[in-house]
Amino acid sequence: MLAQGGAFDLIFADAPAGKWHGLDRTIAALVPHGMLIVDDMTPLPDWTDSQRDAQERVRRTLLAAPELTSVELACGSGVILSVRGSP
């Protein structure tokens with residue numbers, strides 16, 4: 001869906017293609033004040049180093065992105081909730 005273009009008020013990035021790969025496209029697809037929900041932000045004991053690295057890269061990107069206001073929520077598999085600012 002993101003590959004087809006368009007902008008969204010809410011994106012739940014659950015698939016690897018929306019968070020581990022292509023996070024920049026996911027963020028770009030948010031409208032101003034749009035909300036992004038990303039799960040699986042708490043590493044599991046059986047994750048590979050590659051999975052841990054990908055999770056930490058996504059976490060750092062979301063928490064540091066100047067166009068987003070983000071908060072980590074310690075619930076479920078670990079969630080980061082981000083809101084895109086005004087243009």
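This is a predicted model: local features need pLDDT of at least 70, side-chain atom pairs count only at pLDDT 80 or more; totals for chains, interfaces and linings use all residues.
1. The mean pLDDT of the protein chain is 91, with 95% of its residues at 70 or more. Strand E4 has the highest confidence, at 97, while helix H1 (residues 16-19) has the lowest, at a mean of 85.

2. Now find the sheet. Four strands make up an open sheet in the order E1-E2-E4-E3, and their pairing is mixed. Strand E1 (8-13) and strand E3 (68-73) each have a single partner strand, so one side of each has no neighbour in the sheet. On average, neighbouring strands are turned by 15° against each other, direction ignored.

3. Strand E2 (residues 30-38) pairs with strand E4 (residues 79-84) in the antiparallel sense, over four bridges. In one of these pairings, Val 38 has Ile 80 of E4 as its bridge partner. Helix H3 (residues 49-64) packs on the sheet and touches E2, E3 and E4. The direction of H3 makes about 130° with that of E3.

4. Which residues of H3 are buried? They are Ala 54, Gln 55, Val 58 and Leu 62. Viewed down the axis of H3, these buried residues fall within an arc of 95°, so they line one face of the helix. An α-helix has 3.6 residues a turn, so residues three or four places apart point the same way.

5. What do the buried residues of H3 pack against? Their partners are H1, helix H2 (23-28), E2, E3 and E4. On the other side of H3, Asp 49, Asp 53 and Ala 64 are exposed.

How values were computed. Residues are numbered from 1 along each chain as its sequence is written. Side-chain values use heavy atoms; hydrogens and water are left out. Two strands pair if DSSP finds at least two bridges between them. Helices (H or I, at least four residues) and strands (E, at least two) are DSSP runs, numbered from the N terminus. Axes are lines fitted to C-alpha atoms, for helices over the stretch in contact, and angles run from 0 to 180 degrees between N-to-C directions. Contact means heavy atoms within 4.5 Å. pLDDT is the predictor's confidence in each residue, from 0 to 100. Buried means under 20% relative accessible area, exposed over 50%, partly exposed in between (1.4 Å probe, protein chains only). The arc is that of the directions from the helix axis to the C-beta atoms.
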